[in-house]
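Visitor: I am new here. Please show me the structure, then take me through it.

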Amino acid sequence: MADDFDLLETNSNEKTEKVDVNWGKAIDQMKSKLAQEDDPESRQKILNATLDNVVDMAEKDRTTLLDAIKDLTDYQDEVGIMFEGFSALNPAEQKVIDDAVKRLERAKVELEDAKNKPDTWWNNLWGRKTKIKEAEQELANAQKERAASDNKAKALFQQRIESADVQTLLNELSFKSQAAIKRLKDRELEIKEVEESLKTAIVEASNNHTKALQKKKEVETKLEEQYALLKQARQSLEEVADKQSVEYSEALEKVTQLEQKVEELEGLKNAYTTLAASKDSFVHKHNLTIKVLTSLRSNLQTHRAKLKSDTDERLKYYDGYVVALKARTDQEFAAILEHLGVKTDEHIGETLAAMHTASAKARQEMMDNIPVHEKVMQGVYGSYAEALKEIRSKDAEIQKNFADRYGIDMKEIFNEYYEADPNAPSAAGEPAGEATPKVEEDDLLS
């Protein structure tokens, strides 16, 4: 049974596209920025932390994440990583790329359909060539749009994350980590393929080295034979006394042929010697390359395994961080509500106390105003009585005037008029006295 926990597993059966890497200054720049993150005051910040301080620290976290994601986005361009494969695009950003891809595919089909129409005078009459030209132009435009779609999506992505919250940035960082894990695994597979080809090359180079040495030995054997023959031929040539004879010519020709044969064999010996040395050198070179690649693949494997495992853990860690941020916000919100509640309680208490005080003062004022009110009413009644007295005096004069002038006794008429009045004038027409208003008792509290 296979162990599912094998983080170092590399499945070479998976086919992946190779990515051309253009190493720039991106790595050094990112290392430099990360090195600037050391903060000697971090302990003091923790010791003196308040909820307001935490807000500033969380905002710094967001800014740091934002800068890191921007750097990673720029870095992926420098090393030739396709943008849409290394960043978490939202539907709107992905649509820019998808639309460009669909347009390009549609343009290819339309151009193929236009070219597939038979080249007849009838089709040409109905615009076959014009349609082909238009389809070619549309294909060119679609190719340009597809080439620019990554940059458009990237611009939208950068604009979106500029104001993104911490959770969105953490999700983006996690996505990039997952993409990096896949990229590391693809690189491992690529290295492993090269290792296998180098192993084959080592075997071939080693075989060729052996063959070259064998051939060299064979040539050396033949060369020794030819050297012996050449020595004999030269000796025979020297022994010919007549240098103008046919015998001398034949001996000289034999020496020449043997010298030519020796020269050819010397050349073959040097060629096989050089070839053997070259193959031996490449055996060592390939072996060294395999060692380097194996070491690199091992390191990549370690990084990938750690990154994969740590990313899984980090996602949980990030979830805890995001929840903690939300809890901090909720705590601050609760504190604000509590503060508002206390202030509201204070205000309501002040208002109620003011109501009670005002009510008590109003009651006191009402009680204090009663004597004043009675005094005012006494004045009103006094003026009223005084007015009645004048009126009654005037009435007495009118009665007397009527009696004297017309012989009419007006007393009965005036008595009738005042009959209902308890303060009616006396028979002599004088008022019985100043009327004192009678205050009727009315129990308002009953």
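Guide: The axes of α4 and α6 come within 8 Å and cross at roughly 170 degrees. Axes are lines fitted to C-alpha atoms, for helices over the stretch in contact (heavy atoms within 4.5 Å), with angles from 0 to 180 degrees between N-to-C directions. Helices are DSSP runs of H or I, at least four residues, numbered from the N terminus. This is a predicted model: local features need pLDDT of at least 70, side-chain atom pairs count only at pLDDT 80 or more, and totals for chains, interfaces and linings use all residues. Residues are numbered from 1 along each chain as its sequence is written, and side-chain values use heavy atoms, without hydrogens and water.

Visitor: How does α4 run relative to α6, roughly parallel or roughly antiparallel?

Guide: The axes cross at roughly 170 degrees. Angles over 145 degrees count as roughly antiparallel, under 35 as roughly parallel. Therefore α4 is, to α6, roughly antiparallel.

Visitor: Which residues of α4 are buried?

Guide: Buried means under 20% relative accessible area, with a 1.4 Å probe and protein chains only. What covers the buried residues of α4 includes α6. The buried ones are E93, I97, A100, L104, A107, L111 and A114.

Definitions and conventions: Buried means under 20% relative accessible area, exposed over 50%, partly exposed in between (1.4 Å probe, protein chains only). Helices (H or I, at least four residues) and strands (E, at least two) are DSSP runs, numbered from the N terminus. Angles under 35 degrees count as roughly parallel, over 145 as roughly antiparallel, 65 to 115 as roughly perpendicular and the rest as oblique.
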